[in-house]
Amino acid sequence: VKFDNLSKVVGKTAVKLELRVDFSDAYASGKFVAKLSNLDIVDTLTSQTISSISVPNSAEFTVADAKGILSVSDNNPKASLFLAGDKDQRVLAFRIKAENDSIKVRDLVFSGANLGNLSNFRILTPTNKYLAATLSTASSVEFTNLNPEDSIAQDRTETFYLVADINTNVNETFNVALDKSQVQVRGSNGTVKAIDASSVNVASNLHLV
């Protein structure tokens, strides 16, 4: 990278020059170091080139992309007896950790048995806001292309809940699970990423209505 035709006069007081760069979204991981390999300095009085200079290297910077890690929550509801007609019931808890960047939940797809006996599926966020499901069937519940108001701060782990209403006239068991392959997050720059490979699947207990 060459900078020509610079004109900066240095007097008795040192002048600070900084090299600043933008990193491409495609540069997802690696190391970055900049070295000043050549510098032309001219004495303003004699017009002679000054050859005795100290050439600095930058520190080594690590470049990494946003990462979300899905894990089981200690707050996962125990196997419960729900009454038909109950509202706002927490049926599954899961945790997501943000690494390298703040992230937002974007896509979640749950699968399970007898989910047609529940309705009004929502995600309860750590700030007690609800995100409505985009699609639900007897065997799956989808939350796609979400853009929640709050993000998970870098290096923090937050707990989320799957919440639903129980239909009336129901006498049956149900369970639900979140498959890590069906989870995506969004970095602060808008990049959508699959959840990290170190994640685990999260399953609810078997509940009875």
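Val1, Phe3, Leu6, Leu19, Val21 and Phe23 together make a nonpolar surface patch of about 710 Å². Please keep in mind as you look around that this is a predicted model.

One member of the patch, Phe23, belongs to the segment before strand 1, which spans 29-32. Phenylalanine 23 has a relative accessibility of 42%, so it counts as partly exposed: that value falls between the 20% limit for buried and the 50% limit for exposed.

In general, the strands of a sheet pair through backbone hydrogen bonds, in either a parallel or an antiparallel way.

## Strand 6 and its two partners

Strand 6 covers residues 118-124. Is it enclosed or open to the outside? Five of its seven residues are buried, so strand 6 is largely enclosed by the rest of the structure.

On one pairing, strand 6 runs antiparallel to strand 10 (residues 157-166), and five bridges join the two. Here leucine 124 stands opposite tyrosine 161 of strand 10. The pairing with strand 7 is likewise antiparallel and has three bridges; in this case arginine 122 faces alanine 132 of strand 7.

Strands 6 and 7 form a hairpin, with five residues between them. Within the turn, asparagine 128 has a positive phi of about 65°.

Threonine 127 sits in this loop, between strand 6 and strand 7 (130-132). What does its side chain contact? The side chain of threonine 127 makes a polar contact with the side chain of aspartate 150, at 2.4 Å. Because its relative accessibility is 39%, threonine 127 counts as partly exposed. Alanine 203 lies 76 residues from threonine 127 along the chain, and their C-alpha atoms are separated by 23 Å.

Our last stop is valine 185, which is found in strand 11 (residues 173-187). Its relative accessible area is 1%, so valine 185 is buried. In sequence, valine 185 and isoleucine 69 are 116 residues apart, while in space the C-alpha to C-alpha distance between them is 9.5 Å.

Conventions. Residues numbered from 1 in each chain as written. Predicted model: local features only at pLDDT ≥ 70, side-chain atom pairs only at ≥ 80, totals over all residues. Heavy atoms only, no water. Patch = residues over 30% accessible without salt bridge, like charges linked within 9 Å, V, L, I, M, F, W, Y side chains within 5 Å. Areas by Shrake-Rupley, 256 points an atom, 1.4 Å probe, with all protein chains shown as cover. Salt bridge = Lys/Arg side-chain N within 4 Å of Asp/Glu carboxyl O. Helix = DSSP H or I, 4+ residues; strand = E, 2+ residues; numbered from the N terminus. Buried < 20%, exposed > 50% of the residue type's maximum accessible area, 1.4 Å probe, protein only. Polar contact = N/O pair within 3.5 Å; in protein donor to acceptor, adjacent residues only side chain to side chain. Pairing = 2+ DSSP bridges.
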